[in-house]
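Follow the stops below in order.

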Amino acid sequence: MKRLAIIGSTGSIGRQTLEVVKDLKNHKVVALSCGHNFSLFRKQLLEYKPDYAAAIRKTEELERDFPEITFFSGAEGIEEMLEAEAATPDVVVNGASGAIGLRYSLKALEVSRRLCLANKESLVCGGKLLIKRAVEKGAELIPVDSEHSAIFQLMRGKDKPEKIFITASGGALRDYSIEKMYNASLKEVLRHPTWSMGNRITIDSATMVNKGLEVIEAHYLFEYDEEDILTYICKNSLIHGGVIYSDGVIKMHLGKPDMKIPIAYALSYPKRGYHSDYMNIVEMSLMLEEIDYRKYPALELAREITGISSKQIAYNAADEIAVKYFEKGAIHFGEIFKLIKRVVELIPETDPRDFDEIVEIDRYSRELAEKEVAKL
């Protein structure tokens, strides 16, 4: 029985992880953390009865109603929860959102044997730092994203592929003209064709910022140069990724667009303990398309800055600010990229040495983004 801690248990990844745990039956939930959805958190505490719980702000009502659970609060509280002696987990799933997730990932690698990583910012903002910490601690870093999980599974073996590729659905606006994309409404952008996700990641799918972040992540996870990380559109999201060998052999990872599958694999690796119906292969359309970078300049920009830590941090921070203003109706969809590009250009090339320096670059990038919004 593995002891499991979930950071961000009320988010999409956290909720699906808890569903998977019911099927695997060999994980005991010992710690849960949430952001602000206390009504769902209450239900999770009641059902899974963890020893420890943490939330971004203090929860006096929950503490009163669950006296058997030890509560922590704030960003520091989530770290304290992970390192509490009686709670020390074997496995941590980091499903938190935002750059703060790097802080939790670094702590998870210190206290647990395996980090199942779904927080993109951990690698985008702290790639070198995170990989170094995993090596130093001898901890496993298993990707949860469907694309990176696909590559991770295909990379098992001694022969390293020459190139790897990940796929994108193209997002809700993939069939729009460039001109029509510019003024697309929030309602149009959130109408994702194959995945059910949160607002930011759905908007990032439409701009392909999400795919840009994934290229950066793949650079650190699998140690490939940007030019050897290919990207294609797969409209039905059945092909998640692939590897290409020097002799021309191509291996692809196929499966339903269901996040519970890569979550389960990260938990049960190297075994497959999860059960799910597979699709009839003769009914599967396996088609990939080239990406038109005129429609998705954010992906092209991500490629240009891959490996430049400060600009990766700025790219992510500016996107968060841009998405926030787009959701408010304060900027056009087409202005999301304009804002990201401007902030990335303003941030000098530096290589942060520690978490504090990463946080400072992230803070300054957000500050710049807020100022640049007014100029759009």
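Select Phe333 and show its side chain. Is Phe333 buried or exposed? Phe333 is buried, because its relative accessible area is 6%, under the 20% cut-off for buried. Keep in mind that this is a predicted model.

Phe333 sits in the loop between helix H14 (309–328) and helix H15 (335–346). Which residues is Phe333 in contact with, leaving aside its neighbours within four places in sequence? Select Leu173, Met181, Tyr182, Ala184, Val189, Ile203, Ala206, Thr207 and Phe326: each is in contact with Phe333.

Seven strands form an open sheet in the order E4-E3-E2-E1-E5-E6-E7, and their pairing is parallel. Look at the edges, strand E4 (70–73) and strand E7 (140–143), which each pair on one side only. On average, neighbouring strands of this sheet are turned by 20° against each other, direction ignored.

Select strand E1 (residues 2–7) and strand E5 (residues 91–94). They pair in the parallel sense over four bridges. Pick Ile6, and you will find Val93 in E5 opposite.

Bring in helix H4 (residues 74–83). Helix H4 packs on the sheet and touches E1, strand E2 (27–34), strand E3 (52–55), E4 and E5. The direction of helix H4 makes about 140° with that of E4.

Finish with cysteines. Cys34 is buried, with a relative accessible area of 3%. Cys234 is buried too, at 0%.

Note on methods:
Residues are numbered from 1 along each chain as its sequence is written. This is a predicted model: local features need pLDDT of at least 70, side-chain atom pairs count only at pLDDT 80 or more; totals for chains, interfaces and linings use all residues. Side-chain values use heavy atoms; hydrogens and water are left out. Two strands pair if DSSP finds at least two bridges between them. Helices (H or I, at least four residues) and strands (E, at least two) are DSSP runs, numbered from the N terminus. Axes are lines fitted to C-alpha atoms, for helices over the stretch in contact, and angles run from 0 to 180 degrees between N-to-C directions. Contact means heavy atoms within 4.5 Å. Buried means under 20% relative accessible area, exposed over 50%, partly exposed in between (1.4 Å probe, protein chains only).
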